[in-house]
Amino acid sequence: MTYAEYFSYVKTEFMNADVSDIKEHLAYQFNIKGEAGGIFYVEVKEGKLSVEPYEYYDRDAMFTATTDTFMAILEGKLDPMVAFTLQKLKVEGNFDKALKLNELIKRK
């Protein structure tokens, strides 16, 4: 799998999330390591979701994980808190906002 294929899959999965009732601004950057690795961001702003293959410098939180770990999180096979506890997911930034990642994933 290439980064372009991985990003396309991730974007499709996130874009299925209903965020229309989220009025809080959330901005996450994901640093994916390993095969198909790369950087992308997810932003919720005024009830709209954006997923783009760029760095986001004004982010609330940054997540770093392998391709497989993040795929398992996105597919609901691995809870982000468990991944963090097992040191499979590194989190930097605002932890309160980072915790909302799981809610965002469950909305898809």
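Colleague: In which sense do strand S2 and S3 pair, and over how many bridges?

Modeller: Strand S2 (residues 38–45) and S3 pair in the antiparallel sense over 5 bridges; two strands pair if DSSP finds at least two bridges between them. Strands are DSSP runs (E, at least two residues) and helices likewise (H or I, at least four), numbered from the N terminus. This is a predicted model, in which local features need pLDDT of at least 70 and side-chain atom pairs pLDDT 80 or more, while totals for chains, interfaces and linings use all residues. Residues are numbered from 1 along each chain as its sequence is written, and side-chain values use heavy atoms, without hydrogens and water.

Colleague: Which residue is the bridge partner of Val-44 in S3?

Modeller: That partner is Leu-49.

Colleague: What is the strand order of the open sheet?

Modeller: The order of the 5 strands is S3-S2-S1-S4-S5, with mixed pairing. The edge strands, S3 (48–52) and S5 (90–93), each pair on one side only.

Colleague: Which strands does H1 touch?

Modeller: H1 packs on the sheet against S1 (26–33), S2 and S3, and its direction makes about 175° with that of S3. Contact means heavy atoms within 4.5 Å, and angles run from 0 to 180 degrees between N-to-C directions of axes fitted to C-alpha atoms, for helices over the stretch in contact.

Colleague: Where does H2 lie?

Modeller: H2 lies across S1, S2 and strand S4 (61–66), at about 115° to S4.

Colleague: At roughly what angle do the axes of H1 and H2 cross?

Modeller: The axes of H1 (residues 3–15) and H2 (residues 67–74) cross at roughly 20° and come within 11 Å. Tyr-6, Tyr-9, Val-10, Glu-13 and Phe-14 of H1 meet Thr-67, Phe-70, Met-71 and Leu-74 of H2.

Colleague: Changing topic, how many aromatic pairs are there?

Modeller: The count is 12, where rings of Phe, Tyr and Trp (its six-membered ring) pair if their centres lie within 6.5 Å. The rings of Phe-30 and Phe-70 have centres 4.8 Å apart and planes at 50°, so this pair is tilted; planes under 30 degrees apart count as stacked, over 60 as edge-to-face and the rest as tilted. Phe-30 in S1 and Phe-70 in H2 are 40 residues apart.
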